[in-house]
Amino acid sequence: LGSSNGICLPLKSKNFEVALRESVVEIIRKTSADLPQDVVKAIQENSKHEAEQSRGRYAMDIIQKNIGLAKLKSQPLCQDTGSILFFIHYPSKVDQTVIEKVVKTAVKAATKKGFLRQNSVDSITGKNSGDNVGPGTPTFHFHPWKKDSFDIRLILKGGGCENVGAQYSLPDGRVGAGRDLEGVKKC
């Protein structure tokens, strides 16, 4: 179970769900707190191109310290761990609803441990679940296959990664948009 390799879990075992949950919690921890080495290396190399005592060098130094602390403490690298997207290849003989239930339990556990920020807000009610599980979250992309192993990949998409346009929070007095369908249309 992981970002590139699967693990064979005894599918009939009583411990199957426990092993799956623990593995998903670890995937969440690593994804949230540990950058890939090529990214860390690129940041280190590019930091050297910033002038000493410049704001750029200062910012790069802060980023590098944050990377180290996040990994050391298993805390999120970013203040916005964002949308949680799972891509799950799984043995076709396993019930997909069981996987979804176990993964949601893992998300709740990872949030409680501080590996994820409490980001899940119901788009209709505006209430934060506090555990990152709610309508439409996390997002699942299930792909059954004939192998007896799982391949689970995770993307945490913070709001800034796609912030290339305008964002609105309803209600929005600037455009006269209420917290309803008409408000969405106005935005």
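**Entry 1: Glu17 and Lys101**

I began with Glu17, which forms a salt bridge with Lys101, the closest N and O atoms being 3.4 Å apart. I am working from a predicted model, and I read every distance below with that in mind. I then looked up where the two partners sit: Glu17 belongs to helix α1 (residues 16-33) and Lys101 to helix α4 (residues 96-112), so that the pair links distant parts of the chain, 84 residues apart. For the exposure of Glu17 I noted a relative accessible area of 33%, which makes this residue partly exposed.

**Entry 2: other salt bridges**

How many salt bridges does a search of the whole structure find? I noted ten, and I followed two further pairs by hand.

In the pair Arg29 and Glu26, the side chains meet in a salt bridge at 2.6 Å, N to O. These residues are three residues apart in helix α1, and therefore about one helical turn separates them. Glu26 is partly exposed, with a relative accessible area of 35%.

Because Asp34 lies in the loop between α1 and α2 (37-47) while Lys71 lies in helix α3 (residues 55-73), the pair ties together parts that are 37 residues apart in sequence. I recorded both partners as partly exposed, Asp34 at 25% relative accessibility and Lys71 at 45%.

**Entry 3: Asp151**

The side chain of Asp151 makes a polar contact with the side chain of Arg153, at 2.7 Å.

**Entry 4: helix α4**

I returned to α4, the helix that holds Lys101, and checked its length. At 1.5 Å a residue, its 17 residues should span 24 Å, and the end C-alpha atoms are 24 Å apart, so the two values agree. Which residues of α4 are buried? I listed Ile99, Val102, Val103, Ala106, Val107, Ala110 and Thr111. The elements that cover these buried residues include α1, β2 (83-91), β3 (139-145) and β4. Just after the helix, Gly114 takes a positive phi of about 90 degrees.

In soluble globular proteins, nonpolar side chains tend to be buried together. With that in mind I looked up the cores. The largest nonpolar core has 25 residues, of which Ile28, Phe86, Ile88, Ile99 and Phe150 touch the most other members. The elements giving two or more residues to this core are α1, β2, α4, β3 and β4. Another core, of six residues, lies apart from it, and I noted Val40, Met60, Ile67 and Ala70 among its members.

**Entry 5: Cys78**

Last, I looked up Cys78, which is found in the loop between α3 and β2. At 40% relative accessibility, Cys78 counts as partly exposed. Cys78 and Ala33 are 45 residues apart in sequence, and I noted a C-alpha to C-alpha distance of 8.5 Å between them in space.

How values were computed
Residues numbered from 1 in each chain as written. Predicted model: local features only at pLDDT ≥ 70, side-chain atom pairs only at ≥ 80, totals over all residues. Heavy atoms only, no water. Salt bridge = Lys/Arg side-chain N within 4 Å of Asp/Glu carboxyl O. Helix = DSSP H or I, 4+ residues; strand = E, 2+ residues; numbered from the N terminus. Buried < 20%, exposed > 50% of the residue type's maximum accessible area, 1.4 Å probe, protein only. Polar contact = N/O pair within 3.5 Å; in protein donor to acceptor, adjacent residues only side chain to side chain. Expected span 1.5 Å × (residues − 1). Contact = heavy atoms within 4.5 Å. Core = buried A, V, L, I, M, F, W, Y, C linked by side-chain atoms within 4.5 Å.
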